[in-house]
Every structure is written in C-alpha cells, then in structure tokens.
Amino acid sequence: PTKTVPKERPEGKDAVYVVMKSINHEHLAQSIEHELWFTSKSMGDELNKLLRDHSTVILLFSVKGSGYFTGYASMHGPVRHRSEHLTMQDVFDQLPSMWQHIFRINWLNVGGVEFSDTLHLKADGRPIQYAKDGDQVPRDAGAELCNMIDATARAAKKTGSVSSSAASPTRGGHQQHPDFSEMSYDEYRKISTR
C-alpha cells in the first residue's frame with residue numbers, strides 16, 4: 001500500500017530536532033513502508049531520553065552522499081531491541097538483520113532539499129548538512145528545514161519535481177530529485193536502486 005504524506009507536524013514548545021543519516025535509499029524506503037527506523041543501542045538510549053524529556057522528537061533524514069535532506073518524521077515510541085517487538089516479527093522478516101534496535105516513527109513529509117539550499121541553517125556554527133547521525137540541531141534550524149521540505153513537497157504537487165529549486169525557482173539549475181510524497185515502497189525501491 002502507498003503511504004500518504006504530508007501529515008501535520010506536531011510542535012510542542014520543547015520539541016527537539018535530530019539528524020538521522022541513512023546509509024542508503026533502500027533503508028528509507030523500508031522505513032516509509034513500515035514506519036520504523038533503527039539505530040545503535042547507544043544512540044537508542046539517547047533518543048529514548050529525548051523522548052522522555054520532550055513533547056516531540058522530530059527526525060531529519062538524509063541519505064549519506066546524496067547531497068540533500070530527504071524528509072522528516074516524528075518519533076512515535078521508544079527504541080527497543082527487535083526481540084522485544086513481539087507483535088511485529090513478520091515485518092522484521094522483511095528488514096535487514098542490521099536493524100536490531102528499532103522504534104516506531106510517523107513519517108510527516110518527504111522530499112529533497114539540497115544541502116546547498118540549507119547553508120544558512122547552522123548547528124554548532126556549521127551548516128546542518130555536516131551534522132552527524134544522531135546530532136541534535138537547534139530548534140529554529142530544524143523547524144526551518146521542515147518548512148523547506150514542506151515547501152518542496154507543495155511545489156512537487158504542482159510541478160512534478162521535488163528538488164528545492166522547484167520550491168525556490170531563483171536557485172534553479174539543481175539536480176531534480178524523485179517525488180517521494182506519495183510513493184509506495186516498490187516505487188521508492190525502483191528509484192533508490194538506479
């Protein structure tokens with residue numbers, strides 16, 4: 001079945017934004033399909049603490065080496081070892097064995113915002129594109145990136161292109177990214193394995 005996005009972004013006053021770096025598009029496709037994500041045990045402990053201490057944890061996704069942010073999701077439950085998710089074993093049969101520490105997420109929007117369009121968004125004095133997997137970014141930078149992804153998704157519905165240059169025509173000349181906005185796992189998989 002096709003997952004439909006965007007969904008309304010929850011934003012509590014104490015919402016936090018965390019960068020998630022996927023090693024490939026295949027993992028994001030599986031995440032979109034199953035609304036799950038995975039991490040290491042130590043990062044899982046950090047995310048669980050954020051989830052306990054804050055009303056909302058927004059995850060900002062990018063595929064390593066892609067040159068763009070892919071979308072964002074909210075954390076929907078704690079990170080646990082896959083053996084603790086007893087009702088989901090049939091889903092895990094479809095996931096890579098490296099997905100050991102898993103948690104539910106709610107995909108809110110997907111699309112491509114070029115790193116070059118986010119240079120003004122900073123974390124620790126550097127553009128957020130340099131944030132590592134699991135790094136928190138300032139709330140204003142995270143919220144603005146989500147707004148940029150939302151604008152890209154809106155532009156995609158009008159133009160059929162989801163690059164940030166479609167949302168900001170004055171920046172033209174960027175590589176066009178696939179439209180993730182209403183894509184099934186199989187459709188995403190086709191483009192992610194090109």
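Analyst: Lys 41 and Asp 45 lie 4 residues apart in helix α2 (residues 41–53), so about one helical turn separates them. The model is a predicted one.

User: How many salt bridges does the structure hold?
Analyst: One joins the side chains of Lys 41 and Asp 45. Another is formed by Lys 49 with Asp 53. The total for the structure is 2.

User: What is the N to O distance between Lys 41 and Asp 45?
Analyst: A salt bridge requires the side-chain nitrogen to be within 4 Å of the carboxyl oxygen. The side chains of Lys 41 and Asp 45 meet that requirement, with N to O at 3.5 Å.

User: Is Lys 41 buried or exposed?
Analyst: The label exposed applies over 50% relative accessible area. Lys 41 has 52% relative accessibility, so Lys 41 counts as exposed.

User: How far apart are the closest N and O atoms of Lys 49 and Asp 53?
Analyst: Both residues lie in helix α2, 4 residues apart, or about one turn of the helix. Lys 49 is partly exposed at 45%, and Asp 53 is partly exposed at 43%. Their closest N and O atoms are apart by 2.7 Å.

User: Which residues does Asn 48 touch, not counting those up to four places away in sequence?
Analyst: Asn 48 also lies in helix α2. Its relative accessibility is 13%, so Asn 48 counts as buried. Leaving out residues up to four places away in sequence, Asn 48 touches Met 75, Pro 78 and Val 79.

Conventions:
Residues numbered from 1 in each chain as written. Predicted model: local features only at pLDDT ≥ 70, side-chain atom pairs only at ≥ 80, totals over all residues. Heavy atoms only, no water. Helix = DSSP H or I, 4+ residues; strand = E, 2+ residues; numbered from the N terminus. Buried < 20%, exposed > 50% of the residue type's maximum accessible area, 1.4 Å probe, protein only. Contact = heavy atoms within 4.5 Å.
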